[in-house]
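Me: I'm new to this one. Can you walk me through it?
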2 protein chains.
Amino acid sequence: MATNPIRDVDLRARALVQDMVASMRHAILSVYDAANGYPHLSRIAAQADRDGVPMALLSEIAAHTHLLEANPRAGLLIEATQATKGDAMAQPRMTLQVVARRLPRDGSEHAARLDRWIAHNPKARAYAQLPDFHFWRLEPHGGLLNAGFGQAYYLQPADLKKPPTENGRGE
Amino acid sequence: MATNPIRDVDLRARALVQDMVASMRHAILSVYDAANGYPHLSRIAAQADRDGVPMALLSEIAAHTHLLEANPRAGLLIEATQATKGDAMAQPRMTLQVVARRLPRDGSEHAARLDRWIAHNPKARAYAQLPDFHFWRLEPHGGLLNAGFGQAYYLQPADLKKPPTENGRGE
């Protein structure tokens with residue numbers, strides 16, 4: 001127990017991480033609230049952007065959005081099984097250190113993101129186009145993967161990026 | 001949208017909160033890591049103590065435990081359905097501001113807590129008695145309940161306490 005129980009990532013762990021991010025439809029966001037000194041948690045709609053970077057769709061009236069605007073450094077918990085039938089404590093999960101950046105709500109990039117988002121999650125059509133909703137990129141700066149009991153791995157930003165495909169679009 | 005969309009708690013919301021805490025078997029913990037400036041998230045084993053205060057069973061070799069020892073102010077996300085079949089985004093959930101305090105690992109109080117814990121979660125028998133595991137009380141100082149779309153409520157510590165029963169044991 002005196003040794004560091006956390007490993008460096010290997011090919012199997014990296015494949016698991018990329019699969020978890022690609023299949024993500026929501027996640028847990030944590031933003032530190034400097035006003036009261038506690039982290040604030042919320043479940044948010046989240047999907048991978050084309051390059052594998054996690055993205056959130058947030059309403060500007062939500063408490064977490066106000067906190068992110070004040071402090072863009074956040075934590076993101078992604079779990080392997082979103083609609084789990086088994087024991088959540090036995091599922092792989094990872095905590096990421098992310099820096100959040102709000103994306104503009106106009107232009108062809110926004111329209112393409114919106115189309116992909118709704119294709120992955122048709123229920124989002126009901127709110128995704130409301131004027132208070134924006135996409136946020138959650139750029140990962142590091143993380144920790146818990147792939148099962150005694151299997152913890154440090155993650156680097158490159159472990160989360162999708163390898164570029166031939167047409168360079170990452171899809 | 002200019003008005004505060006968050007309500008004060010009512011009887012229905014308080015009953016929901018108390019039921020969610022009583023049936024909790026795990027939760028999401030977030031601790032701010034002052035060394036890197038990001039909140040750290042993890043899924044932890046969690047149950048209500050006799051008086052309704054959330055309690056965690058944590059290994060002292062886990063990253064979150066080291067962070068809690070340095071900074072006992074944490075966030076706790078509790079979701080209504082732990083093994084959900086439906087859409088997690090549609091389930092009630094609450095984020096609490098808690099102050100964590102490690103409990104001693106000896107004496108009759110510890111033994112009684114261990115018995116209750118294992119009765120609620122028999123799988124915990126495999127690790128709950130290992131020497132690196134301790135109970136932590138997560139005393140709530142406030143919170144926010146999201147009971148569904150547009151239904152957000154501020155929570156006070158009293159909303160989470162079980163009303164005392166006649167024998168004063170809260171069970």
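Me: In what sense do β2(A) and β3(A) pair, and over how many bridges?
Reply: This is a predicted model, to begin with. β2(A) and β3(A) pair in the antiparallel sense, over eight bridges. Within that pair, His26(A) has Ala45(A) as its bridge partner in β3(A).

Me: How many residues lie between them in the hairpin?
Reply: Four residues. Gly37(A) sits in that turn, with a positive phi of about 85°.

Me: And which way does β4(A) run against β3(A)?
Reply: Antiparallel, with four bridges joining β3(A) to β4(A), residues 54-59. Ala45(A) has Leu57(A) as its bridge partner in β4(A). This hairpin has five residues between its strands, and Gly52(A) takes a positive phi near 90° there.

Me: Is β3(A) mostly covered or uncovered?
Reply: Mostly covered. 11 of its 11 residues are buried.

Me: New topic. Which residues touch the most other members of the largest nonpolar core?
Reply: Ala56(A) and Ala56(B), in a core of 78 residues. Beyond its close sequence neighbours, Ala56(A) is in contact with residues including Leu29(A), Ala45(A) and Trp136(A).

Me: What about the two chains? How many residues of chain A are in contact with chain B?
Reply: 33 residues of chain A are in contact with 33 of chain B. The largest share of chain A's side, seven residues, comes from β3(A). By class, that side has 17 nonpolar, 11 polar and five charged residues.

How values were computed. Residues are numbered from 1 along each chain as its sequence is written. Chains are lettered from A and ligands numbered from 1 in the order in which they are written. This is a predicted model: local features need pLDDT of at least 70, side-chain atom pairs count only at pLDDT 80 or more; totals for chains, interfaces and linings use all residues. Two residues are in contact if their C-beta atoms, placed from the backbone, lie within 7 Å. Helices (H or I, at least four residues) and strands (E, at least two) are DSSP runs, numbered from the N terminus. Ala, Val, Leu, Ile, Met, Phe, Trp, Tyr, Cys and Pro count as nonpolar, Asp, Glu, Lys and Arg as charged, and the others, Gly among them, as polar. A nonpolar core is a set of buried Ala, Val, Leu, Ile, Met, Phe, Trp, Tyr and Cys residues joined through C-beta atoms within 7 Å. A residue is buried if 20 or more other C-beta atoms lie within 10 Å of its own, exposed if 12 or fewer, and partly exposed in between; C-beta atoms are placed from the backbone. Two strands pair if DSSP finds at least two bridges between them. Lists of a residue's contacts leave out its neighbours within four places in sequence.
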